[in-house]
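Student: I would like to go through this structure by question and answer. Can we start with the rings?

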Amino acid sequence: MSAPFRFRFLPHSNVLPAVLLLVYLSGCTDNTPPVNAPATTLPYRLDKPDTVFVLPQRLKEISGLSMSPDGRHLLAVNDEEGLIYYIDPETGVIHSTFHFGEAGDYEGVETAGGDIYAVKSNGVLSRIMPDSGKVETYPTGLKKSNDVEGLAFDAANNRLLLACKGKDGKNPAIKGERVIYAFDLSGKRLSETPVITLHLAEIGRLKKPVSGFSQKLNDFFSTDQKTDAFGPSGLAFCPIDGNLYIIASMGKAIAVLQPDGKIIQAEWLPSGVFRQPEGICFDRQGRMYISSEGGKKGDGKIFRFSRQNH
């Protein structure tokens, strides 16, 4: 006959935290929505792209995405080269490239008028004038720690918006939040303070509730995919509704803001579709394009979504 089992606490073990975790999770069944659960409030079906363009190896690390000044091509940069890629928006084929600068961590690309702008993660902007081939560079005063990841043209105010994935440490009132600065195109100067503050608690509240086991773990351990995680990786204005759409790879979500900066919608991005969403743009028809890095084993991709009529 075997000896009776006796429960024994180990003096230096992590039993108590483990027990607390089990208690926290015990009331929850794994009813997490499937990875391709459809969005119900956005005018785009994020789980069902019209088209998926699988990109060649040189765009495996695709980051920023925009439309060309004439609207005929997608523009893309990767986070390694000073190259603008011109891509056919109907076929995904690379039409041509334009070399504008030295290698660097380029994270965003955008058109403003007839010019093209690219931004590095340290906030340095490059202005590319395609007709003349001339390139100008503007330090903005932002640093690598700000981790600029997105660039958008705010035509109504003639400025570029620079979204920071890093935390803003200048203002204690917004400590821990994510911010967006503005670069005035007339004076070629960055705003001293953020023009938009992304309040993470509000974004977390607006996301569709996920109460499954996996999400409980993410929230408990404060991972990059917890409910209120949101690190902007791309942003663009939609020409149809005029709202600002911001995607986040950290937090796997998309948020929609009114022109005044008020957050009106937020949704999870289906992880079964997007490996690492990095760039976003719209064409003149209102079709939305999202670029996604390939990671270690995947391919870089561009997803196209038609606007739905609600």
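Tutor: First, a definition: rings of Phe, Tyr and Trp (its six-membered ring) pair if their centres lie within 6.5 Å; planes under 30 degrees apart count as stacked, over 60 as edge-to-face and the rest as tilted. This is a predicted model, where local features need pLDDT of at least 70, side-chain atom pairs count only at pLDDT 80 or more, and totals for chains, interfaces and linings use all residues. Residues are numbered from 1 along each chain as its sequence is written, and side-chain values use heavy atoms, with hydrogens and water left out.

Student: Which residues do ring pairs link into a cluster?

Tutor: The structure holds 7 aromatic pairs. Ring pairs build one cluster from Tyr44, Tyr245 and Phe282.

Student: How do the rings of Phe100 and Tyr106 pair?

Tutor: Their centres are 5.0 Å apart.

Student: Is Tyr106 buried or exposed?

Tutor: Buried means under 20% relative accessible area, exposed over 50%, partly exposed in between (1.4 Å probe, protein chains only). Tyr106 has 2% relative accessibility, so Tyr106 is buried.

Student: Why is the pair of Phe274 and Phe305 tilted?

Tutor: The ring centres lie 6.1 Å apart. The planes are at 35°, so the pair counts as tilted.

Student: Which residue lies over the face of Trp268?

Tutor: A charge sits over a ring if NZ of Lys or CZ of Arg is within 6 Å of the ring centre and within 35 degrees of the ring normal. Here the distance from the ring centre is 4.0 Å, and the residue is Lys207.
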